Amino acid sequence: MKACMVKPGDVSSARVEEIGEPPESDGEVLVEGLYVGICGTDVEISVEGYGEPPAGHERMVLFHESLGRVMSAPGGSGLAEGDLVAGVVRRPDPVPCEPCSKDQWDFCRNGEFTERGIKGHDGYGSQRWRVAPKFAIKLDPELDKLGVLLEPTSVVAKAWDQVGKIAERSTWTPATALVTGAGPIGLLAALIGRQKGLSVTVLDRVTDGPKPGMVADLGATYISSLDDLKEPPDVVIEATGIGQLVFDVIGRTAPDAIVCLTGISSGTRDMSLAADAVNKALVLSNEVVFGSVNAGLANYQQAADALKAADRDWLAKIITRTVPMADWAQALKRQPGDIKVVVDLQAV
Ligand code: BGC
């Protein structure tokens with residue numbers, strides 16, 4: 001079978017290769033790979049050497065955003081041939097630490113977890129893959145190709161889940177949210193914010209293309225400068241990873257705000273920080289700023305529910321380009337207008 005292979009940090013090594021069938025040690029469920037989504041992490045792995053291949057290997061099967069169709073599954077697994085599934089990214093550490101033992105591998109305490117297609121484990125960019133039943137999330141069949149959005153949705157489902165838990169510290173309920181960045185993560189964060197009934201504003205620097213209209217279709221407000229913010233947000237979901245923006249936003253939130261950081265950037269820009277003023281502002285307004293990575297098992301289910309409840313035509317606009325597997329390496333390069341690019345694993 002064919003697979004998208006790369007040596008981390010050597011983008012010139014990115015190509016389609018013929019590899020053996022997926023190892024049974026990956027799990028009893030055999031899946032036909034349909035699509036994978038490309039995200040910034042895949043570019044970081046290929047270009048900058050983030051992540052690591054499986055032990056003893058130089059190259060790895062890339063991709064962690066998956067969609068496939070079950071070819072065979074053991075009886076009693078809750079899965080059957082033909083089911084549409086996406087694979088969970090993280091595997092618990094072998095110790096395991098307490099969160100990993102309770103399906104909260106996103107909170108792994110010792111860093112020994114692995115991640116499919118990112119850290120120490122081959123990914124989902126192959127024409128067939130295997131998983132244990134627990135790591136195959138069943139999707140509404142009507143989602144069809146849109147099911148490839150499950151993994152990025154799980155990341156924002158976790159972010160919102162954590163915001164909700166933090167909000168329980170006080171009696172008031174957040175009503176307004178600012179999402180910074182209208183890439184796939186930002187748009188999906190805005191979607192869930194609206195599903196939760198919040199008034200949502202999305203900030204992105206672009207002023208043309210499909211993003212402003214997509215945000216309006218959610219019943220949310222689109223702005224391209226923080227100065228256009230109409231009301232101080234109770235919640236911020238930050239999805240750009242731009243350090244300067246993080247601190248600009250912290251200064252404009254409502255009292256008791258909760259700011260969730262989901263983005264990272266490979267930038268190395270220095271900035272001067274009025275550290276005492278930031279400290280004072282955070283203390284005097286009970287502000288919580290926290291980071292969020294990956295997703296636990298429960299968040300994947302929340303994400304599957306969010307996608308099921310979403311308008312399909314709206315979701316379809318997130319996928320702006322589909323490339324055949326043979327062209328995956330060129331697709332790592334962003335093109336103007338790209339939101340989410342997906343790779344068709346059956347078109348070779
Ligand atoms: C993935 C997460 C992963 C993180 C860090 C993100 O792109 O969506 O699942 O935990 O990268 O490797």
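Student: Is Cys108 buried or exposed in this model?
Tutor: This is a predicted model, so local features need pLDDT of at least 70, side-chain atom pairs count only at pLDDT 80 or more, and totals for chains, interfaces and linings use all residues. Residues are numbered from 1 along each chain as its sequence is written, and side-chain values use heavy atoms, without hydrogens or water. Buried means under 20% relative accessible area, exposed over 50%, and partly exposed in between (1.4 Å probe, protein chains only). Cys108 has 15%, so it counts as buried.

Student: How many disulfides does the whole structure have?
Tutor: We're after pairs of cysteine sulfur atoms within 2.5 Å. The search through the whole structure turns up zero.

Student: Which cysteine sulfur is nearest to that of Cys108?
Tutor: Cys108 is in no disulfide. At 3.7 Å away, its nearest cysteine sulfur is that of Cys100.

Student: And how far is Cys260 from the nearest cysteine sulfur?
Tutor: Cys260 is in no disulfide either. It is buried, with a relative accessible area of 0%. The nearest cysteine sulfur belongs to Cys39, and the distance is 16 Å.

Student: Now the ligand: how many residues in its shell are charged?
Tutor: The residues around the ligand (a heavy atom within 4 Å) include Cys39, Thr41, Tyr50, His64, Arg90, Glu115 and Glu151. Asp, Glu, Lys and Arg count as charged. The shell splits into six nonpolar and three polar residues, and the charged ones number three.
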